[in-house]
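Good morning, everyone. Please bring the sequence and the coordinates up on your screens, and I will take you through one chain, step by step.

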Amino acid sequence: MTDVASLRPIAAVLVSVVAIPLIVGSHGRPNLREAWTMLAALAKLAIVGSMVPGVLSGTVYVTDLGTMVADINFALRVDALGLLFGLLASALWVITSLYSIGYMRGLSEHNQTRYFASFAASLATAIGVAFASNLVTLFIFYELLTVATYPLVAHDEDDEARAAGRKYLAYTFIGGVAVLTGTLLVYLLVGTTAFSAGGIAGLATSDPAIARLAFGLLAGGFGVKAALMPVHSWLPDAMVAPTPVSGLLHAVAVVKSGVFGIARVTLDVFGPETMQDLGVGLPLAAVAAFTLLTASVIALRKDNLKRRLAYSTISQLSYIVLGLGVLSGDAIVGGLLHIPAHAFMKLTLFFCAGAIHVETHTDDISNMAGIGKRMPLTMTAFAIAAAGMAGIPLIAGFVSKWYLLIGSVDAGQGIFAIALLVSGMLNIGYFWPIVYQAFFESEDDHDSKPLLEAPFGGRFASESSPEEAAVVADGGDADTSHANPDDVDHHDATGEHDDHHHGGPPEGGWERTGWRGGESTWFMLGPILTAAAGAVAIGVVPATFLFLRIVSLVAENVGVPV
């Protein structure tokens, strides 16, 4: 690899920073405000995209802004791993921005200017996370990402949103303290925090007890945003935010910054060989396997669509961590490839949930029987992404999970391969009833078909009562014509908060809209279909779609055979 001084890494960060005052200054002119958003998103994608050919040929782009603290520079560095996250975040910001226009206007949401400004700040810090050249720079952008996304989580400004925001801050800042402590230990052990493909050499000969402690603090701190159990509960509660924010949290920036941080620690701080010597890979993989199975079981019993998707995210993120913990070449490729694969699939699912909410004010799966007549394109995209989540061939999830399976077997860790297969079946269990209800059941002849009965799953009599199930789960609709006036708190049998919104088919059943897009605005349908097409493209031609080439280069750089 050849380092080349360049301003492009810092430009990729600053383009959305510059957009923030322009967005705020256009408060009274929404068309101009959203034009600035789209211009910044396209400019960021162009800057990041311009570095793809160079990185694939071995060039590393570096912006060094000088010494920040003792012997540690504030520097940005675009290598293959950073490019993977940066390219994904910048590409998905474009389609998420388009979707946000349709969603926010469709619900006449309040504080839309603050929303778009916070979105721009979030993407600036996410790119900083992607391109950080050392643990200290990564920590700074990692914490700034928390600050930038807080207004989005608490967007509705009601008690529930503020509580979710406080919980989000508490969890992620505590995780940040762990990251900072682990960073300090690494510096004390080897005198540097700079990333090096295959790991920092001095760690292999350092005090193993302190090195293990440093790894545990770093993996645990980043694991908070990666929603590893038991530090996961902030993520389902954050579903009170508007749906595009949920997409940002789950697919583009926040949770992906957590798994990206773990990837940096495993591949560029400790490295596969040192992790093997320290014996820290297997515990990391075990935590991931426990999380992916447990979250899948919990998802089975969630009737609120966004909360089911939230637990699905917790499970799917652990696929990535599992691959990094197994440490074989194919497992690492599968784990890293699941970053973009999951992003496209999960963004499609959340976009579909948001479109359903905007057009039908329906949030509960039990109210969606026959909705495929009303929203055929939306539910078809949902079905495609859901199939990918379950690992069905020709969709992105199959490719990444295939590498994970063969990598686990090659590493002699067949138990993790079994966990992956069981999780795939559970994915079918909690996604198929949604698709089946939408297309193959009528409004007046269906049931909720719980896969598990109480107390471990299923719906209960109190949940099916319209009078007791009227909480708007998708973020306080400022337009009172869209909101249910009888909002109440609801708890499921475990005592956990679960959100419900009184929706479902209108009297007389769902209207048939056909396949020409009459179900919603194209500001929303366009991004939905684009994200679904991306999931298919990764599944059919993964190498042509760049991401497989990038992750294979990452594995080659850290010295693991694929």
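I will begin with the chain as a whole, then turn to the sheet, and finish with a pair of helices.

Please keep in mind throughout that what we are looking at is a predicted model. The chain contains 20 helices and three strands, and of its 562 residues, 62% count as buried. Its accessible surface comes to about 18,900 Å², and 64% of that surface belongs to carbon and sulfur atoms. If we take the contacts with a separation of 6 or more, 80% of them are accounted for by residues 24 or more positions apart.

Now to the strands. In what order do the strands of the open sheet lie? The order is β1-β2-β3, with mixed pairing, and the edge strands, each of which pairs on one side only, are β1, residues 2-5, and β3, residues 72-78. On average, and with direction ignored, neighbouring strands of this sheet are turned by 40 degrees against each other.

Let me take the two pairings in turn. β1 pairs with β2, which covers residues 59-69, in the parallel sense over four bridges, and A5 has V62 in β2 as its bridge partner. Helix α1, residues 8-25, packs on the sheet, where it touches β2 and β3, and the direction of α1 makes about 75 degrees with that of β2.

Although β3 is an edge strand, six of its seven residues are buried, so β3 is largely enclosed by the rest of the structure.

Finally, the helix pair. At what angle do α4 and α11 pack? Helix α4, residues 80-106, and helix α11, residues 254-278, pack at about 175 degrees, with their axes 11 Å apart. An angle over 145 degrees counts as roughly antiparallel, and therefore α4 is described as roughly antiparallel to α11. From α4, the residues that take part are L81, G82 and F85, which meet K256, S257, F260, A263, R264, L267 and D268 in α11.

Terms used:
Residues are numbered from 1 along each chain as its sequence is written. This is a predicted model: local features need pLDDT of at least 70, side-chain atom pairs count only at pLDDT 80 or more; totals for chains, interfaces and linings use all residues. Side-chain values use heavy atoms; hydrogens and water are left out. Axes are lines fitted to C-alpha atoms, for helices over the stretch in contact, and angles run from 0 to 180 degrees between N-to-C directions. Helices (H or I, at least four residues) and strands (E, at least two) are DSSP runs, numbered from the N terminus. Angles under 35 degrees count as roughly parallel, over 145 as roughly antiparallel, 65 to 115 as roughly perpendicular and the rest as oblique. Contact means heavy atoms within 4.5 Å. Buried means under 20% relative accessible area, exposed over 50%, partly exposed in between (1.4 Å probe, protein chains only). Accessible areas come from the Shrake-Rupley method with a 1.4 Å probe; for residues, only the protein chains shown count as cover. Two strands pair if DSSP finds at least two bridges between them.
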